Structures are given as structure tokens and as C-alpha cells.
Amino acid sequence: MTDGEIRARLYVDGSLHSFARMPVRFSVPGGHIEVAINGFGLKRCHYVRPDGTERQLNPDPASAEGRRARMHHRHPGLSRVVGLVSTALVLAGLCVTVPQIIEAISRIPPVADTIGTFTLPVQLPLPVSLLLGLGAVVGSTERALRMRSNWIDELAG
């Protein structure tokens with residue numbers, strides 16, 4: 001598709017059965033499949049039974065998520081280290097982003113008149129701030145490949 005929309009595709013026995021714009025719910029025998037994305041990749045891909053029980057589906061082995069799952073299966077120690085580093089990068093980005101957002105909001109005239117302004121105690125040089133932002137994006141992308149991203153990744157990135 002060339003319209004800029006991101007679509008989920010449902011394949012049955014290797015053939016394209018259906019596709020729809022995300023987020024989507026595909027009806028399948030015995031329940032449905034829910035697929036959703038966020039700004040960094042796949043957020044949710046679950047099979048949900050009529051009684052509400054859920055099971056995360058395995059990603060396509062040829063996809064980036066599938067390659068990340070294969071690395072986790074073949075090298076669990078390395079996978080844990082990569083996961084910890086990605087979480088640390090996201091948290092570092094969050095520690096930089098949240099105070100900057102608070103400072104910007106506190107400068108809005110009605111807010112400044114009501115509660116005053118907030119000034120960051122430490123001003124990071126632009127290259128350091130950009131590097132931390134890039135690290136947060138990389139960390140959030142890695143977390144999305146493991147389908148573990150959430151609103152914190154969106155905020156930090």
C-alpha cells in the first residue's frame with residue numbers, strides 16, 4: 001500500500017487472507033487476533049479466546065521481531081544484557097525529557113502566574129541531550145522488537 005497507512009496482514013497457510021489498518025481485530029476460529037503498533041513498532045499481537053484468555057503470538061521468523069526472539073532463544077544471557085541496556089537507555093531519556101517538558105509547561109503564562117516557573121538545575125550541552133535522546137529511541141525500538149514497549153517508551157523517545 002502506498003497511502004502511508006500501516007496495515008496488519010493475516011496469512012492462513014502462507015496465503016494472504018485479510019488485511020486492515022491498525023489497530024485491528026481479526027476474527028479467527030475460536031476467538032480473535034488483536035494487533036496494534038506504537039511509534040516504535042509492534043505493541044500487541046495476541047490471540048484472544050472467547051473466555052478472555054490471551055496468548056502472545058510468535059512473530060514471523062523473517063521479521064525484526066522474529067530475529068530478536070531467535071536471539072533471545074539462542075543467546076538468553078546476551079538477550080538479557082541487551083534488554084537491560086535498552087531499559088537503561090529509555091530511563092535515561094526519560095530523566096532528561098520529563099524535566100524539559102515540565103520546564104516548558106511552567107513557562108506558559110497562566111501556569112507561570114499560578115505556580116511559578118521551573119528552571120532546570122543542570123543544562124546539558126546540546127550534543128549530550130541529543131545523544132541521550134538517540135539512546136532512548138534505540139532503547140525503545142529494541143523494547144518494541146521484544147513487544148515490551150509502553151507509554152514510557154513513547155514519552156522517552
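Two strands are taken as paired if DSSP finds at least two bridges between them. In this predicted model, strand 3 (residues 24–28) and strand 4 (residues 31–38) run antiparallel and are joined by five bridges. The two strands form a hairpin with two residues between them, and Gly30 in the turn has a positive phi of about 85°. The covered face of strand 3 consists of Val24, Phe26 and Val28, while Arg25 and Ser27 make up the uncovered one.

Five salt bridges were counted in the model. One of them connects the side chains of Arg25 and Glu34, at 3.2 Å from N to O. Arg25 is exposed, with a relative accessible area of 55%, whereas Glu34 is buried at 17%. Glu34 also forms a salt bridge with Arg44, with the closest N and O atoms 2.8 Å apart. This pair links strand 5 (residues 41–48), which holds Arg44, to strand 4, which holds Glu34, the two residues being 10 apart.

A further salt bridge is formed by the side chains of Arg68 and Glu142 (2.5 Å, N to O). Here the partners are 74 residues apart, with Arg68 in helix 1 (residues 64–74) and Glu142 in helix 4 (residues 126–145). Arg68 counts as buried because its relative accessibility is 7%, under the 20% cut-off; Glu142, at 11%, is likewise buried. Salt bridges with shared partners join Arg25, Glu34, Arg44 and Glu54 into one network.

Arg7 lies in strand 1 (residues 7–12) and is buried, with 17% relative accessibility.

Methods: Residues are numbered from 1 along each chain as its sequence is written. This is a predicted model: local features need pLDDT of at least 70, side-chain atom pairs count only at pLDDT 80 or more; totals for chains, interfaces and linings use all residues. Side-chain values use heavy atoms; hydrogens and water are left out. Buried means under 20% relative accessible area, exposed over 50%, partly exposed in between (1.4 Å probe, protein chains only). Helices (H or I, at least four residues) and strands (E, at least two) are DSSP runs, numbered from the N terminus. A salt bridge is a side-chain nitrogen of Lys or Arg within 4 Å of a carboxyl oxygen of Asp or Glu.
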